[in-house]
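Biologist: Could you walk me through this one? I'd like to start with the terms you rely on.

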Amino acid sequence: DEPSEPSNPVEPSDKDIVGTISIAFRMSRISFGHVWIYIHNTSDEPLEVGLYTVQPGEGVSLGNFNLTRSDGPGLYYNIESYCGNLYGLDGTVSVSDKLTRGRLKAVSEVLKIGNHFDPIYNCTGFALTIWNIGSAKIMPFIPIPLVAMVEILLWGGKFNNLEMSYPPAEQVYKQKGNGKDAYLVPVCEESLDSAI
């Protein structure tokens, strides 16, 4: 008897897929661009993404900021989703991938300890770190937004192809603390007063 072809262990089964994960870039007027992550729940149950619960059919954006948001440096939930829908997302470049339960769990653990900003773990370093969890690691770890944009395009990214849920302002959060001491607080109005 001929041996049967082994199944591809990398390709997830449909029951393991709970959503999509996207990495996106957009040029900014006040910096050299911004790179962020967007997770969309395609399952029929709520998903825990870091410290945030995403309802079925909805999503959450995740971005690392320094001085461009009034609530201080570190991890924000839904800034890009809120401000992108309010002010527009023209020129956004993005690429998406399947999100499995295992990948989501690993991403969530990193989010809980990822509330800091430095020259390497800036918006780009953060987004590449999250994207590379459980993926083919198609992005080199070079924390420059324009380099990430080129990589996104090289790996099939498209312009103006990202749609994000539009959360109310009270569901835009700044993470405080890390690990078991991490929690979310609503952002101040000043953090919502400009485009991405």
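Modeller: Two strands count as paired if DSSP finds at least two bridges between them, and please keep in mind that this is a predicted model.

Biologist: Okay, in what order do the strands of the open sheet come?

Modeller: Eight strands make up the open sheet, in the order 8-7-1-2-5-6-9-10, and their pairing is antiparallel. Strand 8 (158–159) and strand 10 (183–186) stand at the edges, and because each has a single partner strand, one side of each is left without a neighbour in the sheet.

Biologist: How many bridges join strand 7 to strand 8?

Modeller: Two bridges join strand 7 (residues 93–100) to strand 8, and these strands run antiparallel. In this pairing, Val93 stands opposite Phe159 in strand 8.

Biologist: And which strands does helix 2 touch?

Modeller: Helix 2 (residues 101–113) packs on the sheet and touches strand 1 (17–26), strand 2 (34–41), strand 5 (59–65), strand 6 (74–77), strand 7 and strand 9 (173–176), while its direction makes about 115° with that of strand 7. Helix 3 (residues 123–131) also packs on the sheet, touching strand 1, strand 2, strand 5, strand 6 and strand 7, and the direction of helix 3 makes about 35° with that of strand 2.

Biologist: Changing topic, which residues of helix 4 are buried?

Modeller: In helix 4 (residues 145–154), the buried residues are Pro145, Ala148, Met149, Glu151 and Ile152. They cover an arc of only 165° around the axis, so they lie on the same side of helix 4.

Biologist: What covers them?

Modeller: The cover over the buried residues of helix 4 includes strand 1, strand 2, strand 7 and helix 3. Just after helix 4, Gly156 takes a positive phi of about 95°.

Conventions. Residues numbered from 1 in each chain as written. Predicted model: local features only at pLDDT ≥ 70, side-chain atom pairs only at ≥ 80, totals over all residues. Heavy atoms only, no water. Helix = DSSP H or I, 4+ residues; strand = E, 2+ residues; numbered from the N terminus. Contact = heavy atoms within 4.5 Å. Axes fitted to C-alpha atoms, helices over the stretch in contact; angles between N-to-C directions. Buried < 20%, exposed > 50% of the residue type's maximum accessible area, 1.4 Å probe, protein only. Arc of directions from axis to C-beta.
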